[in-house]
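Hi,

Here is the structure I promised to pass on.

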Amino acid sequence: MASKKREVQLQAVINSQNLWDEMLLNRGLTVIDVYQAWCGPCKAMQPLFRKLKNELNEDEILHFVVAEADSIPILQPFRDKCEPLFLFSLNGKFIEKIHGANAPLINRKVLGLIDEERKIAAGELPRPQHAEILLADSSEEEAEESHNDSAMDAYSMAIFKPDTVLRRKHIEIKEKIAREGYLIEAQENMFLPEDLVRVFYSHMADQPDFEEFVFSVINGLSCVLIISQGEEEHLTQEENQSQADTEEEPLENTEEPHPRVTPEVSKKKRDSLQEFLERQHISEFCDILDDVPKVSKFIDILFPNFKTMKSMHVQKTLALMYPEVYEERKDEVLNIIENEGFTILMQRQISLSEEEARTLCKTYKNEDYFDKLISYVCSDKSYVLVLLRGNAVDYWQYLIGPKTVDEAFVSHPDCLCAQFATESLPVNQFYGSSSKAAAEKEIEYFFPPQSTLALIKPHVSYEHRVEILKTIKEAGFELTLLKEIHLLPEHANKIYFKITGRDFYKHVLEVLSMGNSIVMVLTKWNAVAEWRRMIGPVDPEEAKLISPGCLRAKYGVDILRNAVHGASNPDEATVIINTMFPENDPEKAEH
């Protein structure tokens, strides 16, 4: 029996060459979501396609399909790609290709092409000649692949060894690297696998103390960075000449001055990262790897999701809902956020100050109602979130819509601005970061990182320690500092200083004397409370009843051997961190 296209919601499924050929007979515009069999179509774009289908009501000239790249020979160049891809076919001719779930761009492209088709049908416009793009074996595809490969090849890997991390020297060096214009694409404090350390430092293998060196690296916390070159500096011809002049003796100018002309602009080649570190006299603290195959391999081992996240343009953005919507319709908004493919990383209610309100609402400062808007925003609690998604900044901006309700109802009636409009003010009840850089600053402002002291006790087995560290990472904590130490009474007194006078304290010391403990500094927003929540009640038996998923319920034995410990409040955390990690204080570290 001949197969036919099956309608799945609003998109037809194309999974054979026959169906592909049949699709090319469509009249008008066909938007094709090219997907891989192992990951499926891009669900995040379906609400936009449904909106366009309903609003435009042009079933004869607007079609949406999903096409499986693995089953259709002409789509072979797009196989094994993680990034979403959308092809635009106009009357069987491919005229556009968009990488990534870029909803605003796809929305504009569809609206423009459908408007064009309407005008052509009405005789108001002759049919434009769109340039056709080739899908298979084209020089454009090869060039693009080459560009993507070279972009991946441009990464370097930097490793700060445990002693540098313990002294917090890596923070200063990272700032210098960023100021020079290099981009830190990813970073994490981690324990390095022994095999990787031996390969990374193979140039040192002949040294007599190499085994001791390897042992010290794999048993401490290293900081690993993935770094790209960033934008090269642009210099005018005059600036290039100025730099050359500094290296030569100046000559006396006896000629008439020439008329001034517009200087030519050239790119200044950036020093390699190793050269930069050597010039700054800090190369001893940071080890660099530029070997392309090795860097790529190490990225796969240490940052297994990096390439996928990079190809999908996964970003964080700050989102905020103002008081009236938060008070009355918060759950509706959260459901929409989830359905649109966002992951909520952090969220909290907040009372905005007048200064904060004026900053967030600055686009309305010339409106007559600006003062009334500021009073409203400061009158009650708002709700702020950190959202994660591909193209998160642009997509959230698209989702919330224009800045005023009137604009929203005219141009984007399905946006959140229109859906959640209130009678009090004609403004958008939502806010979103305007750029990736703005998002980073706003997230740090509204969710400032906090550090807490955490302890894994001696009785916890190696396997369970690994599981606990994995849980810490999955919970979003940064493992900022770590040391493995046998806690003698003078050490334990610094951590448990609030209970040293209690009768049971001698039993605490007995448990801590059983072997080495792991003492850590964990960092994230609201870290103290989050870590206390994760470890659970002091008594493991009580923990199993009240919070069976907590760490003490899983790994605790009794009220003394309860696996983990944490500071009770931010002040206590600060005191213990400063005493247990004197390396963190420059004066104490120097001493």
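In helix α3, Ala103, Pro104 and Asn107 are in contact with Asp394, Tyr395 and Tyr398 of α16 (contact means heavy atoms within 4.5 Å; helices are DSSP runs of H or I with at least four residues, strands are E runs of at least two, and both are numbered from the N terminus). Sorted by class, this contact has four nonpolar residues, one polar and one charged (Ala, Val, Leu, Ile, Met, Phe, Trp, Tyr, Cys and Pro count as nonpolar, Asp, Glu, Lys and Arg as charged, and the others, Gly among them, as polar). The axes of α3 (residues 103-121) and α16 are 8 Å apart and at an angle of about 55° (axes are lines fitted to C-alpha atoms, for helices over the stretch in contact, and angles run from 0 to 180 degrees between N-to-C directions). That makes α3 oblique to α16 (under 35 degrees is roughly parallel, over 145 roughly antiparallel, 65 to 115 roughly perpendicular, and the rest oblique).

Before you go further: this is a predicted model, where local features need pLDDT of at least 70 and side-chain atom pairs count only at pLDDT 80 or more, while totals for chains, interfaces and linings use all residues. Residues are numbered from 1 along each chain as its sequence is written, and side-chain values use heavy atoms, with hydrogens and water left out.

Back to α16 (residues 392-400), which lies across β13, β15 (382-390) and β16, at about 35° to β13. What order do the strands of the open sheet take? The four run β14-β15-β13-β16, with antiparallel pairing (two strands pair if DSSP finds at least two bridges between them). At the edges are β14 (343-350) and β16 (430-432), each pairing on one side only. Three bridges link β13 (residues 314-321) with β16, and Leu320 sits opposite Tyr431 of β16.

The other thing to look at is β4. Seven of the seven residues in this strand (62-68) are buried, so β4 is largely enclosed by the rest of the structure (buried is under 20% relative accessible area, exposed over 50%, partly exposed in between, with a 1.4 Å probe and protein chains only). Leu62, Phe64, Val66 and Glu68 are on one side, with His63, Val65 and Ala67 on the other. Parallel to β4 run β2 (residues 11-14), joined to it by three bridges, and β3 (residues 29-35), joined by seven. Ile14 stands opposite Ala67, and Thr30 opposite His63.

Cheers
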